[in-house]
Amino acid sequence: MRARLKVEAGEGSPTLFELAPGQPATLGRSRDSSVVLKDDLASRLHAKVYYEDGRWVVRDFGLNGTKVNGTKVSGAAELNDGSVIQIGDAVVRFHTVAGPAITPPPTGPRTNGLSHPLSGTKTGTDHRTPAPSESPHATKTGFNVDRFAGRLTDTEVAASQLKVDELTALCRFMTAAVETKDAHELIRLALRVIVNQTTAKVAGYLNLDPNDPTPRFILPDTAAVDSTLSRRLTERVRNERKTIWLFNDPTKGDVRPPTESLFAYHDALCLPLSTKGELYAAVHVYRTGSAFADRDARFIEAVSGYLGKSLELHRHRRKLEAENNRLRASVPTADELIGDSNAMMGLRQQIAKAAPLPFTVLIHGESGSGKELVAQALHRQSVRTAGPLVVVNCAAIAPTLLEAELFGYRKGAFSGADRDHPGLFEQADEGTLFLDEVGELSLDCQAKLLRVIEGKPFRPVGGTKDVKVDVRVVAATHRDLDKEVKAAKFRQDLLFRLKVIPLKVPPLREHAEDIPELAGFFLERLSVQCRKTFHLKPAAMRKLQAYTWPGNVRQLRAVLESTAVMCETDTIDAADLAITAITEAAPTNGSELPNSLSMDELETWAIRKALKQTSGNVSRASQILGMSRDTLHTKLKKKGIARDEATADAGDGA
């Protein structure tokens, strides 16, 4: 029994398709389908119509289902004359045709008359076996009829499934991607695989983040200069957020590209890359000579999808590595600024204004005042919060190694460089780099830092290629950099670039009203660590607030930790606090200064000063002077300094 399918609604090609027993017909979005349906709800291979046991049957393979006469098909459904097949918005009517049955042709290739978009051949139905000279774009693999009728055979889906060599190439790419540590090299690897496997003329990667200065990547390298990536395709991907196949429409005859950038190509694909619903890049693939096969599109989609996931993992890995390095390199700190004083409220307001902006920030504050906490707050409230925060103390790295640490080095750059090492700037890519004590940088490093801040690439030690990163720099110092500039120890142009947004962290003595809250925070943590519940008596709190804290919050924390360890009870009194004086010593007048600058005279003056400050306590004076107790006793005897002198001097000055 012969039959035919007629497209009555929606976009389908051909609109009339002749059916014959032994020759199943497929319906779907794939250009290899017998009836190609241009409907978003249609799968590539959505349904199959075939003759079995004296009747015509339709079997559903689509994700969104198939209806026959308004009833959803569960598995397979019988078709009668006039039956209506509905797939999405497409409506296809089934008709039986009177006449003798046609004997099924032998298994082999046949054509369905679908022309390739660029071939210019007419659309029609042709059941003859094609000659070898005929265009392969006008042929379609035939279907076998066996006892498993109604199921997809290997031959039937071969046109849309990946071949063994393509699967091998995909597996090799996945293996290499796992081992690749550099995101830029990973992108080049993916483009190289696409070009080699699909014989594409050009493959390109375009970043769609306006805040990311990463340049485009185009392969092969010889095409990078002359090739441009289509803006129209990019805009379609940005708006539709799905793969755009420029000539994936068999209903059109010989068409030409809509833009000059694609005029030299016969086909083009543009694929979106996104993370958490946010589109961040597009992959372009162009071809000359012939259009992409459905199998080529599947391969490109697979590689691009894995590339997108791999790039996302790279970002998370860099963030975790930077966070681990920061935690290992510094003592644990509070994750937020503590205090409700006017000084701290004003600082928070300044951070809230500066954080969303892309400009560099220079934080100035005394040692221990909380400059790193300010940098953490700036990063946490910025658009780069998903990226890494890399912290480096410029004063803690030897000047000879600072350049290699900041900008990285390549294998063989110097003795011991047995592998490539990404610098701190590369580790902070798409994140924030916090340069603590930036005033300690050498002039050479200052020059390189200036280039990077201005958006220019840098070259790692021993490297031959420049590296470009997207990093926000936050710097901090306790020095007066204006004076350093006058002394020719700091570059003025670098200071201008760093000081775009200046922030000043107030010393603890300027917001002593926050000491109760700070002490409570530290004691709460100490209670957990020491398994005690510590409390401060009012006298102890008054003593803490009266002290001037030259070491700021860091010193306050150290005093509380020392007191908690040494205190035998959980109640801390004023006498238990490990601070030597309530107020700093009175300013030194000119008569108290050493008579000369000789080393012996300076040492004698320092010892007398320490004894006076500690009321004659040799142990505490030795700690202030940075020497052992025995050494101080020896010097006291040698210089003829009596401990009672300091007590008497202190009493006279009262």
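The model is predicted, so local features need pLDDT of at least 70 and side-chain atom pairs count only at pLDDT 80 or more, while totals for chains, interfaces and linings use all residues. Residues are numbered from 1 along each chain as its sequence is written, and side-chain values use heavy atoms, with hydrogens and water left out. The secondary structure comes to 19 helices and 24 strands, where helices (H or I, at least four residues) and strands (E, at least two) are DSSP runs numbered from the N terminus. Of the 654 residues, 44% are buried; buried means under 20% relative accessible area, exposed over 50%, and partly exposed in between, with a 1.4 Å probe and protein chains only.

**Contacts and buried residues**

- Among the contacts with a separation of 6 or more, 64% are between residues 24 or more positions apart, a contact being heavy atoms within 4.5 Å.
- A476 lies in strand β21 (residues 471-477) and counts as buried because its relative accessibility is 0%; beyond its neighbours within four places in sequence, A476 is in contact with residues including L362, I363, K371 and F434.
- The C-alpha atoms of A476 and E437 are 5.5 Å apart in space, although the two residues are 39 apart in sequence.
- H379, in helix α7 (residues 371-380), counts as buried because its relative accessibility is 7%, and, not counting residues up to four places away in sequence, H379 touches R384, T385, G387, P388, L389 and T432.
- Helix α8 (residues 399-407) has L402, A404, L406 and F407 as its buried residues, and these pack against β19 (389-393), α9 (424-427), β20 (431-436) and α10 (443-453).
- After α8 comes G408, whose phi is positive, near 80°.

**Surface**

- The protein exposes about 33,700 Å², of which carbon and sulfur atoms supply 51%; accessible areas come from the Shrake-Rupley method with a 1.4 Å probe, and for residues only the protein chains shown count as cover.
- L357, F359 and V500 make a nonpolar surface patch of about 240 Å²; patches are made of residues with over 30% relative accessible area and no salt bridge, like charges being joined within 9 Å and nonpolar side chains (Val, Leu, Ile, Met, Phe, Trp, Tyr) within 5 Å.
- F359 lies in the loop between α6 (342-354) and β18 (361-364), and F359 counts as partly exposed because its relative accessibility is 43%.

**Salt bridges**

- The whole structure holds 23 salt bridges, each defined as a side-chain nitrogen of Lys or Arg within 4 Å of a carboxyl oxygen of Asp or Glu.
- R93 and E8 meet in a salt bridge (2.8 Å, N to O), which links distant parts of the chain, with R93 in strand β12 (residues 90-97) and E8 in strand β1 (residues 2-9), 85 residues apart.
- E430 forms a salt bridge with R318, their closest N and O atoms being 3.5 Å apart; this pair also links distant parts of the chain, with E430 in the loop between α9 and β20 and R318 in helix α5 (residues 294-329), 112 residues apart.
- E430 is partly exposed at 22% relative accessible area, whereas R318 counts as buried at 14%.

**Cavities**

- The structure holds 2 cavities of 30 Å³ or more; on a 1 Å grid over the protein atoms alone, a cavity is a set of points where a 1.4 Å probe fits but cannot get out, and lining residues have an atom within 4 Å of a point.
- The second largest cavity has a volume of about 30 Å³, a volume being the space filled by probe spheres set on the points, which are joined across faces, edges and corners.
- The residues that line the second largest cavity include V452, G455, F458 and V469.

Conventions:
On a 1 Å grid over the protein atoms alone, a cavity is a set of points where a 1.4 Å probe fits but cannot get out, and a pocket is an open set with protein on both sides within 12 Å along at least five of seven lines; lining residues have an atom within 4 Å of a point.
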